[in-house]
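Subject: A structure for you to look through

Dear colleague,

Please keep the structure open beside the text as you read.

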Amino acid sequence: MTPTVRARLGTVLAAAVPVVFVAVLFGYPVAAIVGRGLAPEGTLDPEPLRRVFTDPALRGVVWFTVWQAALSTLCTLVLALPGAYVLARLRFPGRSLVRALVTVPFVLPTVLVANAFLALGVSRSLGAILLAHVFFNYAVVVRVVGTRWRNLDPHEAEAARMLGASRWRVAREVTAPALRPAVVAAATITFLFCFTSFGVVLFLGGPTRTTLETEIHRQTTRFLDLPLAAALSVVQLAAVLALLWLVGRSERRAATPARLRAAREIEHAPRTPGAWVLLTANLLVMTALLLVPMAVLVVRSLTPPSGFGLDAYRALGDLRRGSTLFVPPLEAVGTSVRYALAAATIAVVVGGLAAWAGARSRSRWLDGVLAVPLGVSAVTLGFGFLIALDEGPLDLRGSAALVPLAQALVALPFVVLLVGPVLRSIDPRLREAAAMLGASPGAVRRRIDLPIAARALFAAGAFAVAISLGEFGATTFVARPDAPTLPVVIARLLGQPGEAAFHAAMAASGILMVLVVVAVVVGDRARVGRFGDF
Amino acid sequence: MAAATGAATGLEVRDLEVRYGGAVALAGIDLRVGPGEVVAVLGPSGSGKSTLLRAVAGLEPPTAGTVTWAGEDLRRVPPHLRRFGLMFQDHALFPHRDVAGNVAFGLRVQGLPSAEVRARTEAGLAAVGLAGFGARSVRELSGGEQQRVALARALAPEPRLLMLDEPLGALDRALREHLVDELRALFARRERAVLLVTHDHEEAFALADRVVVLHAGRVEQDDDASTVWSRPASAFVARFLGYNVTTAFGTRVAVRPDGLVWSAAPGPAGPDTVAVTVADRTFRRDHFRLRVATAAGETLDVAVRDAGSPAAPTPGTPGTLTLVPGAAVALT
């Protein structure tokens, strides 16, 4: 075998692992549910698909899904773009903590957040949906656009200033065009999440507001109309694929090599009164929008009927009589952490291989394949698991492996997003230099690629832990009753009557939030400098 | 020289200081650039050259001191209203605009009619030898072409002060020599003040009327180009310009490698001679450069231009150095 063929083969093998992973755990279950729905008798029946577009009620659902997602995206951009600037370009004490805290909402389970908003007195309405969508996706805009903002060449804006352009003119003619691909990417990702949002719409929308996702859930669980649910899934999947194609296109355009720059070239302390106003206003927005809902959970957990204190936390250690839980809630902490670590390990290995293979090929189809679970509806995936993974070698029913596998699938796209750009940004001359110093291709991978990617892999792993800790949609379908994770416990506690259960849910939420914050902060510490797109 | 008249013309920097946190980047900088004058700020990397340009441009707020133009304090004047031009070392061309779009940018923000913008853009490109390049993408340009576009862009709005950060920076030798002539011609064409920074003394002397040597954020010397070259004011300047700084001939003096004469024979003992041993030699196109060591442990560089001897002395050869009369510059 020539070295070229060997290298190609290595890339193909590396790519095969994630492809098989996604195909078996995502493609197969989704195909099964779609097949079961659209061709129940083995032959294709287009009737359900036709109904989606002709039935006025269902057309209303499609239309509402689209415009609430569009409006949510717009609100998110308006509120988060100034925040992205502040966190990317202004230097102020506590900024890294704020950056981490802003990320936390993104990985919190929807059931928890919906409850926080209800506890704040927000009534079920369109406004509540929009608010919650901004809460979840603020971090998407801050991270995707902020990274790009930090990577802009500050000299370009300064050159425009020296040519006589005012700040406003520079923003319009130099900064905006350079940011546009990142803004488009962030907007598309946000739209995608709002488009497939389940918990928020279910808990905060009220009975009259239905999206494709909640309608799939309703048709499957309440009316048992699997063909219609499958048709709705097909429509949703088609929309998701189209959007992902858009993201991929804008990301390709955004991918300009960034040079290493001194922090002081990029960021500065607020100097003008305007900068102070901007900073203060944005910190207020972040506090009101992101921190207050999180804080209200903590406050509630510390103020059970017995008075201020840790009683609600202590009560988590007991299995109350009449509870729908099979284990003391506190056991869920250990379960959650174990599952999350296993899921993160799987996601880092599979995602790392994918990112490595992706970085070595010019085409980005692999990224596309791996991004599909990003837009997957937890409902579709959960039901797909139940339908497909129940026979032969893939009979994983009741297996403890199912939870980390499902969580790894959800975390996988983020690992690729975090690690891929780092590997791609390795100067090929570094590899050539190593080869000229006598390093074999294997040694180049071990001594150049791996050390450079190690920090990114670690950061991605921490982020995968955070996502897995908060994952609710898929986990709730596959978790064993005697080994629930924290979000599952919270949802069950919230479903129980009584003050004590409510405060126990809040206490469990408090623990979950602390775990998630720790994971995000640990991950953020590892990604000093330019690391990944997200 | 405009600066000497005392009349308030051109750029005047007085007692300028820039700090980054605790670190002092520039301290006590005084600098004048009169109209029609070309001043080069010369210094090693990290000496604060670029910071000085940025402070004058208004991109870096000084922690102390003043920057004035024709007597007007610029403290409250934002960069885009100073009518100064700055050419960045890395060019900082706008990647989303073509060549013409880059050059036209400063004219468009002035709100000039589009016909005039077009005409002046074409004239500006022609002036740097890039006529017809307008529709090209800046990503397709070679380093030298990018440099010319950056220059045309900075010149197009007719700045009253043109600043250049390492104008010949990363270009190859032949291109640099060619561009030095072009730059001189462009500078001379108008009564414009020019302030450039460079780490390369040949570039500074070739382009500038006056040279300001910067060291660790302070001015070491500010003189005519020829004075700086012939009479370095400090040991730092002397070493930076390639002089030997030595006490081998009594008091501490600076002497250029061609201000010393090598001979293999032991010479007469005297105040202008010193016994040395050859430590190393290098071939330098038109001469050999010997590195020699004195008995006291000093090393000195000597130029040997003896056309008669095909081979210069090899390391280990003992010999004598004689100081050329008038070649030593006394250092205080």
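A straight helix of 29 residues would span 42 Å at 1.5 Å a residue, yet helix H8 of chain A, residues 167–195, spans only 36 Å between its end C-alpha atoms. The expected span is 1.5 Å times one less than the number of residues in the helix, and helices (H or I, at least four residues) and strands (E, at least two) are DSSP runs, numbered from the N terminus. H8(A) bends by about 50° at A:Ala176, and a proline, A:Pro177, follows within four residues. The bend at a residue is the angle between axes fitted to the seven residues ending there and the seven starting there.

Please bear in mind that this is a predicted model, in which local features need pLDDT of at least 70 and side-chain atom pairs count only at pLDDT 80 or more, while totals for chains, interfaces and linings use all residues. Residues are numbered from 1 along each chain as its sequence is written, and chains are lettered from A and ligands numbered from 1 in the order in which they are written.

The domain assignment, which is automatic or taken from a database, divides chain A into domain 1 (1–33 + 310–534) and domain 2 (46–302). In chain A, 38 residues of domain 1 are in contact with 40 residues of domain 2, where contact means that the C-beta atoms of two residues, placed from the backbone, lie within 7 Å. On the side of domain 1 of chain A that touches domain 2 of chain A, the largest share, 11 residues, comes from H23(A). The residues of that side of domain 1 of chain A divide into 23 nonpolar, 10 polar and 5 charged; here Ala, Val, Leu, Ile, Met, Phe, Trp, Tyr, Cys and Pro count as nonpolar, Asp, Glu, Lys and Arg as charged, and the others, Gly among them, as polar.

Helix H10 (residues 212–221) and helix H17 (residues 378–388) of chain A pack at an angle of about 35°, with their axes 9 Å apart. Axes are lines fitted to C-alpha atoms, for helices over the stretch in contact, and angles run from 0 to 180 degrees between N-to-C directions. The contact is made by A:Glu213, A:Ile216, A:His217 and A:Thr220 of H10(A), together with A:Val379, A:Thr380 and A:Phe383 of H17(A).

**Chain B and its sheets**

Chain B is divided into domain 1 (2–236) and domain 2 (243–330), and the centres of these two domains of chain B, taken over C-alpha atoms, are separated by 39 Å.

One open sheet of chain B has 4 strands in the order E2-E1-E4-E5, with antiparallel pairing; two strands pair if DSSP finds at least two bridges between them. Its edge strands, E2 (23–33) and E5 (72–73) of chain B, each pair on one side only. Strand E1 (residues 11–20) of chain B pairs with E2(B) in the antiparallel sense over 7 bridges, and B:Val18 has B:Leu26 in E2(B) as its bridge partner.

An open sheet of 5 strands in chain B has the order E13-E17-E14-E15-E16, again with antiparallel pairing, and its twist averages 45° from one strand to the next. E13(B) is joined to strand E17 (residues 318–323) of chain B by 4 bridges, and B:Leu260 stands opposite B:Leu323 in E17(B).

**Where the chains meet**

The contact between the chains takes 20 residues from chain B and 18 residues from chain A. By class, the side of chain B that touches chain A has 13 nonpolar, 5 polar and 2 charged residues.

Best wishes
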